[in-house]
Amino acid sequence: MSLAIAFALAAAQPSTDDDWGETLRIDARAMHAAIADSHPGTINPDDPGFNALNDAQLDLALERAKSADDFGDYFFALRHYAAAFNDGHVGFGVYGNTPDIDIFWPGFIARDNGKKGLVVTLAQPWSGVPVGAELLSCDGKSAYEVGLDRVGARSGRWHLASERSLRGALVMIDNGDPYVEPIESCVFASGQEQLSVALDWRSGGPDFVTRYNLFGRPDQPDIAIQRLANGAHWVTIPSFDGNVESDTGKALTALVADITARADTMRAGRYIVFDLRGNGGGSSHWSEEIAVQLWGLAPFYRTPQEPMSVVWRASQGNVQSMRDDLETRNANGNLSDEVREWYDTSIAGMEAAIATGQKAYRIDPSDDEGDEQVDFSTLSDYQVAIPVYILTDGVCMSACLDTIDLWQRAGAIVIGQETGADTVYMDTRNERLPSGIGGLGLPRKYYVGRARGNNEPVRPVHIYSGDLADTPAVQAWVANLRHQKVDARE
């Protein structure tokens with residue numbers, strides 16, 4: 001299931017004869033029950049307000065159900081419910097085709113300015129607002145507060161620069177969310193002047209989103225290695241898709257084989273760039289394979305990660321979803337012995353916990369792990385004396401962030417723009433709600449002791465302030481960086 005994002009109503013709208021209030025009540029209660037039964041936040045002592053938050057969001061959804069009379073009332077109520085957790089791994093989405101909706105706009109588009117504000121990037125003459133004007137406030141609220149109310153409330157994590165960058169253009173759009181207050185007037189700074197403008201909201205038309213490229217997302221590039229004219233290697237990886245049978249999975253398999261074959265040549269080049277722009281995660285398996293081929297195993301034993309525990313939320317729903325995942329991957333023939341063992345161990349651990357009335361299956365680092373003596377001479381160890389860069393953007397989260405955590409241990413340098421962020425809650429599953437209209441995505445486990453904090457992004461060593469979608473410009477910028485040799489052994 002692909003969870004609906006931003007303001008899209010990605011669902012086949014059911015009959016208008018349906019009782020939307022009752023549909024919302026039933027699905028909200030089911031959403032609350034699934035979270036209470038299976039979300040690891042319910043047992044995390046470091047998240048004491050989790051259960052109260054779940055209860056409060058159910059109460060709010062039930063209150064909204066009293067006046068719900070159309071699909072939008074239903075859809076946005078559950079979007080707001082999920083967003084309240086500020087977790088990219090908790091989401092509500094819907095199945096089917098997108099219904100026709102009428103989007104309204106005030107004649108201009110304002111995007112994030114990188115400083116918790118908005119700047120006008122496109123304007124029609126009838127808007128009364130010039131391109132380049134900075135939005136200062138609307139109806140007495142700052143640009144940040146307006147964005148939090150209008151977008152953050154249904155997408156979550158508005159405090160993250162990556163979220164504001166990705167979704168900032170939605171702030172001055174009216175997409176029919178009934179739980180968002182309308183805006184009447186805004187104040188702008190334009191040059192040395194301040195402009196107070198009464199907004200004229202007009203229909204944007206059915207192709208509004210694509211016509212103005214509201215999300216600013218370029219087409220996904222091919223997964224490939226490119227040798228640049230200056231002797232550097234540019235490795236494009238826009239996805240870590242965990243399904244090895246998908247087209248992307250097959251391309252990643254081919255990429256790992258290509259890196260294996262060309263590793264010596266890559267290490268002898270000027271520098272290496274792993275281009276992770278647009279990479280929202282998938283499976284950490286790929287980055288681990290690449291790491292072993294490029295650096296070998298020794299660098300990661302020399303710089304071990306901090307001891308970290310994994311706590312699975314032991315529930316029948318989580319166990320069944322793991323069994324379903326295992327069966328699917330086994331049927332596709334893409335299950336390694338290592339992955340199969342991980343599934344079997346995780347399932348058995350949760351089942352044993354349930355059998356004894358426990359809600360958690362905890363895996364702690366071995367007590368004597370730190371005392372283990374490693375014979376480095378038996379481990380692969382390839383000296384990488386050139387810079388290895390990881391080019392990131394705000395889309396990067398989940399397995400993409402895990403990749404950064406891993407490769408930095410070998411000396412890789414993060415460049416580009418601030419990443420997205422994830423909570424300590426990981427490993428998602430989906431659950432269809434009783435109405436059949438939508439579904440809930442929720443995690444099954446959490447980490448204790450992860451070095452990167454909860455909802456903490458990665459900030460680049462070298463920040464690119466230009467248009468990150470302009471690949472030639474980005475490549476020219478990287479070429480002009482002061483390239484310093486990096487050795488993880490130092």
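pLDDT is the predictor's confidence in each residue, on a scale from 0 to 100. Colour the chain by it: the mean is 89, and 91% of the residues reach 70 or more.

What you have open is a predicted model, so local features need pLDDT of at least 70 and side-chain atom pairs count only at pLDDT 80 or more, while totals for chains, interfaces and linings use all residues. Residues are numbered from 1 along each chain as its sequence is written, and side-chain values use heavy atoms, with hydrogens and water left out.

Select residues 1–16, where pLDDT stays under 50; the model has 61 contacts (heavy atoms within 4.5 Å) for them beyond four places in sequence.

**Aromatic rings**

Show Phe, Tyr and Trp. Rings pair if their centres lie within 6.5 Å, using the six-membered ring for Trp; planes under 30 degrees apart count as stacked, over 60 as edge-to-face and the rest as tilted. The structure holds 23 such pairs.

Pick Phe50 and Phe85: a tilted pair, 5.2 Å centre to centre with 40° between the planes. Phe50 is in helix 2 (50–65) and Phe85 in the loop between helix 3 (71–83) and strand 1 (91–94), so the pair ties together parts 35 residues apart in sequence. Helices (H or I, at least four residues) and strands (E, at least two) are DSSP runs, numbered from the N terminus. Both Phe50 and Phe85 are buried, meaning under 20% relative accessible area with a 1.4 Å probe, protein chains only.

Next, Phe71 and Tyr74: their centres are 6.2 Å apart and their planes at 40°, so this pair is tilted.

**Charge over ring**

Select Arg432 and Tyr95: the charged end of Arg432 sits over the Tyr95 ring, 3.6 Å from its centre. That label requires NZ of Lys or CZ of Arg within 6 Å of the ring centre and within 35 degrees of the ring normal. Arg64 does likewise over Tyr179, at 4.0 Å.

**Hairpin**

Finish with strand 17 (425–432) and strand 18 (438–448), antiparallel and joined by 7 bridges; strands pair if DSSP finds at least two bridges between them. Tyr425 stands opposite Tyr446. In the turn of this hairpin, look for Gly436, with a positive phi of about 80°.

Terms used
Buried means under 20% relative accessible area, exposed over 50%, partly exposed in between (1.4 Å probe, protein chains only).
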